[in-house]
Each structure stands twice: as structure tokens, then as C-alpha cells.
Amino acid sequence: MIDLDRYKEILDTLTRNKTRSFLTGFGVFWGIFMLVALLGGGKGLRELLMSNFKGFANNSGVLIAQNTTKPYDGLKKGRSWSMLYKDLERVREQVPEVDVVTPMISKWGVTAVYDDKKFSCVFKGLEENYQDIEAPDIYYGRYLNDLDNLQKRKVCIIGKKVYKTLFPKGGDPCGKDIRVGSVFFKVVGVDYSPGQLNINGSAEEAVVVPIDVMRDAFAMGDTIHLLCFTGHKGYKVSEIVPKIRAVVARAHHVDPTDEKAMPAFNMEAIFGMMDNLFSGVDFLAWLVGIGTLLAGAIGVSNIMMVTVKERTTEIGIRRAIGATPRNILTQIIAESITLISVAGMSGIVFTVMILQLAEMASTTDGVVNTHYQISFTTAVGAVVFLCALGVLAGLAPALRAMNIKPVDAMRDE
């Protein structure tokens, strides 16, 4: 005859176990979700921010001439001055740590015109070796070369926004003439650099021409607006800047210690700061994720403890009919690993789907702008870590189950 009360008790026990298992599994699920989401989000944020510096050499620097803030050599402070083309040769000769030195001149608010289309652009004069400072992303055509400057060719490179405004129908614009101011230039290249970092104007909104052509067309003389450089391998930009500043300052009767008169833009320092920032973000992601996982593992261990206590009779009977302590140990640890692995793998799959949606949302022109997915190595490492947690979480309950004696189990019954 069926004992209905006993049957109901068993069902209640199973129901309680399922509820506790679900809640504990959700804790593990949430922990792995937090870990993977934070790692993927940190990677995407790093890529998003670093895209602002895409193409820039990480050992580069830029110097600018501003009004003096200190009196020097009998001259009062507040004096305006400009760097000259000769300063490039002075730096090359007197600062051997420098690898590439190149100038930039610019004009703002210049209108580029093609047919009936207009765009207010930044007009830049550069040398061919400027691409060692900021590498272009040439979509059509080519970049400037030495012959363009030597032969003073009226050619230009246009940025992405300039191209899409002047040529809305698309296609290769190379060979077509645009007017900048009152001068016509032949388009020889389209630069698709993101251009978020503003060095005398965004690359997306720039029209770049040979510097000698711009100097003649706009009567700019020997003045240069920016002195850009890269350092030789093994030398820090922060060590090179004072030497360049001293060389240029002496030639223009400016106090070499007047940093405000010649401020420097140090890409090396910016890249270093970004690396330190995201190292901290990664550490925080691992700390929060692993902490949440450990909390989930503790919950699994507690659940298994309760389960072992409620299954005392079952374990005792199994021991009585020949089950070895190793069998009991294996069973409890396997249950713990299964619970954590199923919840953890579900969390990984769910998070990967969320990160994939984030990547799709960042896609423009068929190109993924920001990658949020974690690496395969990270995913495998997370799985291994989950299995290890499963073993640890099940160890204490398993040892307790091993110590159950058949006589004690029957007494409890």
C-alpha cells in the first residue's frame, strides 16, 4: 500500500531542491554574465576610444607656437612668434633622437566646391612623410608623394566627409578637379581615416595638398603652424620634447623653460594613459566577475550540503548495498559540476549573443566599427574556471556524504 504522506514528502523535497538549484544556478549565470559582459564591454570601450587615435604613431609628438609667458633676452612676455621652415633643419641636425620631422600649415573655413556642391573644410599643407605621424586610410587613389612637392603639383587628398558631400553619388573621384578658394586641385586620393583626434582639424573634414603648393597659393611664406615628429626606437617622447623646445626656442629668443610658449602634444603619454586606464578596467571586470562567481559557487556548495543531508537515507542504503566512498564522492562532485557548468555555459552563450547584437549595432557601411566579443582563449578559460569551481563547491558536501554510515542513515530513517 502506498504511503501518501511519504510520497508527498519526497515530492516536496524534490521541489525544494529544484527551486534552490534554480536560484543557485541563476547566481552562477549572473556571475558569468557579469564577467564576460564586463570583459567584452571593456574591450569594446577600449577599441572605441582608441579609434580616436587610429593611425597615429604612438611615439609621436606635436609642438605649437603660442605667445610667450616669460620675459627673455630683453624681450617682454606676451610676444607672439611663429616657427619657421628652417626650424625643421635645426631639429634634424641638433636632436639626433628624432626620427621624422615634418611641418603642417592650415587654413580654417575654406570652402571646397565641386559643381554645385560645397563643403567648409580644413585646408592643410603637408609633406609626404606626414603619414609617418598619422597614417592615412586611403579608400581611393593614393597619398601625397615627394614629386608632388618638388614639382608643385596642384593635387589634393580629400577626407571622408568632404568626399561624401562633394560626390554624393559615390564612385572614384580621382582625376576630378575641385576648387578650394580660388585655386583648382585635382583629386588623387580619398582618406577614410576616422579623424576623431583633432590635429589642426579633423582628417574627415580636411583637404590636404602639398605644403609648397599651399605656401605659394596663399602667400604663407616660411611660417609653419605645427612641428610634428617621431622619436627613434628606445627614446621617449617626453625626453625628446625639451630638447626640441630648447633648439627652437634659442632660434626665436624664447625662454626654453616657457612651456606655454611652445606646448607639446605627446601621443606616447596619451597611449600610456589609455593602457593604464583599461588595465584597471580589465582588473575590475575580473574582480567583479570572479567575486560573483565565487558567491554562486558558495551557494552551490550550500545547496549540495542540504541535498546530502536530505539524502542521508539514500546514501546510507547505497553504502549498505556496496557503493564505495569513491562512488559517492564522484556522484556529488559530478552533480555540482553539472549545475555550475550548465548555468555558466548558458551565461556565456547568452552574453555572447548580447555582445554580437552590440557589434551589429555599431556597424556602418558594412564594417564593424567596434568589436565587443571576447577571445576564444578567454571563453575557454572561463569554462575551465567554472569546472574548477564545480569541483571545489562539491568537495565539502561530497566528503560529508562519504562519512555517512549505513547504520546512522537507517537510524535517521
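1. Start with helix 2 (residues 86-94), whose buried residues are Asp-87, Leu-88 and Val-91. Viewed down the axis of helix 2, these buried residues fall within an arc of 105 degrees, so they line one face of the helix. The arc is taken from the directions that run from the helix axis to the C-beta atoms. Lys-86 and Glu-93 are exposed on the other side of helix 2. Buried means under 20% relative accessible area, exposed means over 50%, and partly exposed lies in between, with a 1.4 Å probe and protein chains only. An α-helix has 3.6 residues a turn, so residues three or four places apart point the same way.

2. A word on the model and its numbering. This is a predicted model, in which local features need pLDDT of at least 70 and side-chain atom pairs count only at pLDDT 80 or more, while totals for chains, interfaces and linings use all residues. Residues are numbered from 1 along each chain as its sequence is written, and side-chain values use heavy atoms, with hydrogens and water left out.

3. What do the buried residues of helix 2 pack against? They pack against strand 2 (83-84), strand 3, strand 10 (223-224), strand 11 (226-231) and helix 6. Helices (H or I, at least four residues) and strands (E, at least two) are DSSP runs, numbered from the N terminus. The protein chain has 11 helices and 14 strands.

4. Now the chain as a whole. It has 413 residues, and 42% of them count as buried. Take the contacts between residues at least 6 apart in sequence: 77% of these join residues at least 24 apart. Contact means heavy atoms within 4.5 Å. The chain exposes about 21,400 Å², and carbon and sulfur atoms supply 60% of that. Accessible areas come from the Shrake-Rupley method with a 1.4 Å probe; for residues, only the protein chains shown count as cover.

5. Next, the inside. The largest nonpolar core has 47 residues. Those with the most contacts inside it are Ile-158, Ile-178, Val-207, Leu-227, Phe-229 and Ile-244. Helix 6 (residues 237-251) gives the most to this core, with seven residues. A second, separate core has 21 residues, including Phe-56, Met-104, Tyr-143 and Val-155. A nonpolar core is a set of buried Ala, Val, Leu, Ile, Met, Phe, Trp, Tyr and Cys residues joined through side-chain atoms within 4.5 Å. In soluble globular proteins, nonpolar side chains tend to be buried together.

6. Look closely at Val-207. Setting aside neighbours within four places in sequence, its contacts include Ala-112, Phe-123, Ile-158, Ile-178 and Val-180. Lys-124 is also among the contacts of Val-207.

7. Is Ser-106 buried or exposed? Ser-106 counts as buried because its relative accessibility is 6%. Ser-106 lies in strand 3 (residues 98-114). Leaving aside neighbours within four places in sequence, Ser-106 is in contact with Phe-123, Lys-124, Asn-200, Met-214, Met-220 and His-225.

8. Check two loop residues. Asp-73 sits in the loop between strand 1 (60-64) and strand 2. Phi of Asp-73 is near 55 degrees, a positive value in a residue other than glycine. Asp-73 is exposed, with a relative accessible area of 54%. Ala-219 sits in the loop between helix 5 (211-217) and strand 10. Phi of Ala-219 is near 50 degrees, again positive in a residue other than glycine. Ala-219 is exposed, at 68% relative accessible area.

9. Finally, Glu-268 in helix 7 (residues 267-310). Glu-268 is partly exposed, with a relative accessible area of 24%. The C-alpha atoms of Glu-268 and Ser-60 are separated by 6.6 Å, although these residues are 208 residues apart along the chain. Not counting residues up to four places away in sequence, Glu-268 touches Asn-58, Ser-60, Tyr-235, Lys-236, Val-237 and Ser-238.
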